[in-house]
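Dear colleague,

Please find below the structure that I am handing over to you. A summary of the findings follows it.

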Amino acid sequence: MSSDKSIQREESASFNEHSLSYIRQAAEYGLYEIRGMGAKRRVPSFDDLIFLSASASRYPLEGYREKCESKTVLGTRYAKQPIELEIPITIAGMSFGSLSANVKEALGQAATQMGTSTTTGDGGMTPEERESSKTLVYQCLPSRYGFNPNDLRKADAIEMVLGQGAKPGGGGMLLGQKVSPRVAEMRTLPEGIDQRSACRHPDWTGPDDLKIKIEELREITDWKIPVYVKMGATRVREDVKLAVKAGADVVVIDGMQGGTAATQQVFIEHTGIPTLAALPLAVEALSDMNVLGEVQLIISGGIRTGADVAKALALGADAVSIGQGVLVALGCNHHAYQRADGEEVDVTGDYAKLGTAPGYCHHCHTGQCPVGITTQDPELEPRLIPEVGAKRLKNYLQVLNMELTTLARACGKSNVHHLEKEDLAALTVEAAAMAKVPLAGTSWIPGTGSV
Amino acid sequence: MVSLKQLDLTDLSVRQVNEYLHGELLEECPARVEILNPDGLHSIAAGLDKEVEIDILGHAGYFIAGMNQRARVTIHGNVGWSVAENMMSGVVRVKGHASECAGASGHGGLLVIEGDASSRCGISLKGTEIVVGGSVGHFSAFMAQAGTLVVCGDAGPNLGDSLYEATIYVRGSIHSLGADAREEEMQADDFEKVAELLSRAEMNYDAREFKRVSSARSLYHWNADAHQEY
């Protein structure tokens with residue numbers, strides 16, 4: 001037996017401190033962890049790709065002088081009134097209930113200022129949200145909370161949600177402390193109870209039904225507005241084909257890095273496939289169906305930077321959608337919130353009371369958000385002032401678009417939608433195989449037979 | 001002004017019919033609209049928002065009178081899946097039988113099915129009142145949040161599973177109750193409510209023959225010891 005003290009202290013690979021802590025917690029409380037903010041583990045991502053920007057074989061555009069177009073049109077297949085956006089970056093659906101009314105208003109203001117869309121969520125449409133959003137996508141969710149034909153007719157597009165990247169196949173849980181009187185009224189539920197959202201729609205059970213359901217929504221809205229179909233990324237190729245067959249104008253694929261307000265840890269970490277892997281599969285499915293360009297594709301799940309957006313577009317997405325990054329821009333996980341006069345108020349102590357710290361907080365489900373974002377608490381909610389939040393978010397979206405256009409110009413493109421797979425290489429074999437682009441320094445794409 | 005407008009689905013598409021119902025109907029204001037030859041077509045009279053009488057003369061398909069507001073729609077035949085889905089107000093009456101998910105997620109109004117309804121009748125109900133003259137299938141009123149389901153015949157397995165604040169009344173036998181649903185004693189206001197709904201539905205039964213089912217509310221807060229009884 002070795003007497004080496006360092007070997008005696010060596011951690012077991014299977015039963016490391018993380019696993020031991022999990023088992024002890026399960027044994028002590030008999031509960032699994034519910035949390036938000038996406039997977040904690042690293043998975044292959046857009047970080048594993050780089051751009052082969054222009055030099056001799058490609059001719060770059062001047063970054064500060066030559067224009068690069070970012071206009072984006074969604075819903076051209078059947079809708080009489082497709083969505084026209086100034087940038088290919090949209091704000092993902094997040095519910096009033098999970099988020100405060102102030103946040104929903106801030107999202108609308110920022111999206112309007114940047115010429116893009118925002119999206120309702122599980123709790124229905126608030127008047128503040130509709131008023132502040134020039135382009136608003138109305139989600140049709142399995143729970144049908146707050147689902148209303150009058151609001152449907154006020155929407156600029158419908159998003160039929162079949163699932164989300166953080167929890168494909170799972171429903172939702174809004175803990176009772178966030179079911180305030182207003183949330184309860186909008187959701188037709190008793191105040192203060194744990195609200196369980198359904199994991200599947202009540203009135204259809206398969207793709208053939210979905211087709212008829214989509215037709216019903218189109219009939220109700222007189223075929224004016226686009227219908228998106230949003231899915232968590234799992235069996236992407238098959239799911240996208242069925243969505244196209246069901247009549248989607250736009251398909252939204254949400255990869256496993258997508259955040260959420262609250263779901264089981266086991267869902268966040270162990271379901272769905274990475275956004276990087278999902279996107280090429282979705283593009284191939286559209287190509288197989290001969291609808292590339294006719295049915296638009298939005299990709300989401302862990303999009304953070306303009307580089308992520310550019311890579312997504314290069315791989316074939318028409319636009320991206322951002323949820324968690326948007327919340328961070330508003331102040332999620334920041335050590336302080338900002339008052340109307342611009343002064344910052346430190347809330348490190350509030351994070352500590354939750355047993356966490358800025359940068360590591362994933363307590364959206366508790367409703368005790370120290371910066372007033374994921375809360376219905378009347379004392380916490382005013383910490384996020386709509387105008388202040390909107391300004392921060394507008395800045396963020398603006399930076400993303402500037403980064404996107406900068407990269408596009410460096411690749412010689414005068415339009416961000418001209419970015420293509422050929423502009424990319426992969427840094428790892430895994431990323432090369434998933435994205436189906438060559439490993440950097442080679443022409444090898446794993447799994448394709450190319451060398 | 002015309003008193004009766006007839007729209008024939010052998011000559012017109014569902015789109016054309018709905019276009020009329022959403023548009024010209026508002027100008028013409030007929031007292032009654034007859035839709036002929038529905039022949040199992042889907043989404044007929046979906047998205048209505050006007051106080052008008054509509055008669056669909058024959059059997060119809062899925063999502064008939066979906067999201068109805070204010071209109072009185074009568075289907076003189078059987079209907080497919082999800083009749084009066086997400087209804088807000090008004091009255092939808094099915095003279096025959098209905099397939100699954102009748103009245104799914106409806107917020108208001110009255111849905112009457114004179115025959116039987118299949119499974120998941122009133123699923124995710126949010127305030128609509130449903131009266132079924134015959135029997136309902138399994139998982140009826142699953143996750144129903146508000147509103148009332150009156151069943152004059154029998155109820156299938158797992159009635160009222162995961163109920164919130166909706167109430168179910170059953171005249172016949174109940175195969176089994178779902179998670180968190182329980183039978184409760186009828187009170188004076190229950191008899192009154194059932195009698196009133198039967199009267200509005202034009203069904204001739206005695207309210208005293210009905211049983212009441214509602215939520216035991218034991219699952220209103222998440223409980224790991226519930227052994228997946230959700």
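This is a predicted model: local features need pLDDT of at least 70, side-chain atom pairs count only at pLDDT 80 or more; totals for chains, interfaces and linings use all residues.

**Findings**

I64(B) counts as buried, at 0% relative accessibility; here buried means under 20% relative accessible area, exposed over 50%, and partly exposed in between (1.4 Å probe, protein chains only).

Residues are numbered from 1 along each chain as its sequence is written, chains are lettered from A and ligands numbered from 1 in the order in which they are written, and side-chain values use heavy atoms, with hydrogens and water left out.

I64(B) sits in the loop between β3 and β4 (72–75) of chain B; helices (H or I, at least four residues) and strands (E, at least two) are DSSP runs, numbered from the N terminus.

K213(A) belongs to helix α7 (residues 207–220) of chain A. This lysine counts as buried, at 0% relative accessibility. Not counting residues up to four places away in sequence, K213(A) touches R144(A), M160(A), D203(A) and W204(A), as well as F63(B) and E85(B) of the other chain.

Helix α1 (residues 14–22) of chain B is mostly covered, with seven of its nine residues buried. These are V14(B), R15(B), V17(B), N18(B), Y20(B), L21(B) and H22(B). The cover over them includes α7 of chain A, together with β1 (4–8), α2 (24–28), β2 (32–36) and β3 (53–57) of chain B.

**Nonpolar cores**

A nonpolar core is a set of buried Ala, Val, Leu, Ile, Met, Phe, Trp, Tyr and Cys residues joined through side-chain atoms within 4.5 Å. The largest one has 96 residues, of which L49(A), V240(A), V251(A), I253(A), I373(A) and L393(A) touch the most other members. Helix α10 (residues 275–288) of chain A gives this core its largest share, eight residues. Another core, of 50 residues, lies apart from it and has A45(B), A102(B), L111(B) and V213(B) among its members.

For I253(A), the residues touched are M231(A), A233(A), V236(A), V240(A), A278(A), A282(A), L297(A), I298(A), I299(A) and S300(A), again not counting residues up to four places away in sequence.

**Cavities**

The structure holds five cavities of 30 Å³ or more. On a 1 Å grid over the protein atoms alone, a cavity is a set of points where a 1.4 Å probe fits but cannot get out, and lining residues have an atom within 4 Å of a point. Grid points are joined across faces, edges and corners, and a volume is the space filled by probe spheres set on the points.

The largest cavity has a volume of about 110 Å³. Its lining consists of 14 residues, and L330(A), G331(A), Y337(A), Q338(A) and R392(A) lie nearest its centre. Two or more lining residues come from each of β16 (336–338) and α14 (386–410) of chain A. By class, this lining has seven nonpolar, four polar and three charged residues; Ala, Val, Leu, Ile, Met, Phe, Trp, Tyr, Cys and Pro count as nonpolar, Asp, Glu, Lys and Arg as charged, and the others, Gly among them, as polar.

The second largest cavity holds about 100 Å³ of space. Its lining has eight nonpolar, four polar and no charged residues. Among the lining residues are C332(A), C361(A), C364(A) and C369(A), along with H362(A) and H363(A).

**Cysteines**

The structure holds zero disulfides over all chains, a disulfide being a pair of cysteine sulfur atoms within 2.5 Å. C68(A) is buried, at 8% relative accessibility. In chain B, the sulfur of C101(B) is 9.0 Å from the closest cysteine sulfur, in C121(B), which is also too far for a bond. C101(B) is buried, with a relative accessible area of 1%.

**Positive phi angles**

W223(A), a residue other than glycine, has a positive phi near 60°. W223(A) is found in the loop between α7 and β11 (227–232) of chain A and counts as partly exposed, at 22% relative accessibility. D39(B) is not a glycine either, yet its phi is positive, at about 45°. D39(B) is found in the loop between β2 and β3 of chain B and counts as exposed, at 60% relative accessibility.

With kind regards

Key
Contact means heavy atoms within 4.5 Å. On a 1 Å grid over the protein atoms alone, a cavity is a set of points where a 1.4 Å probe fits but cannot get out, and a pocket is an open set with protein on both sides within 12 Å along at least five of seven lines; lining residues have an atom within 4 Å of a point.
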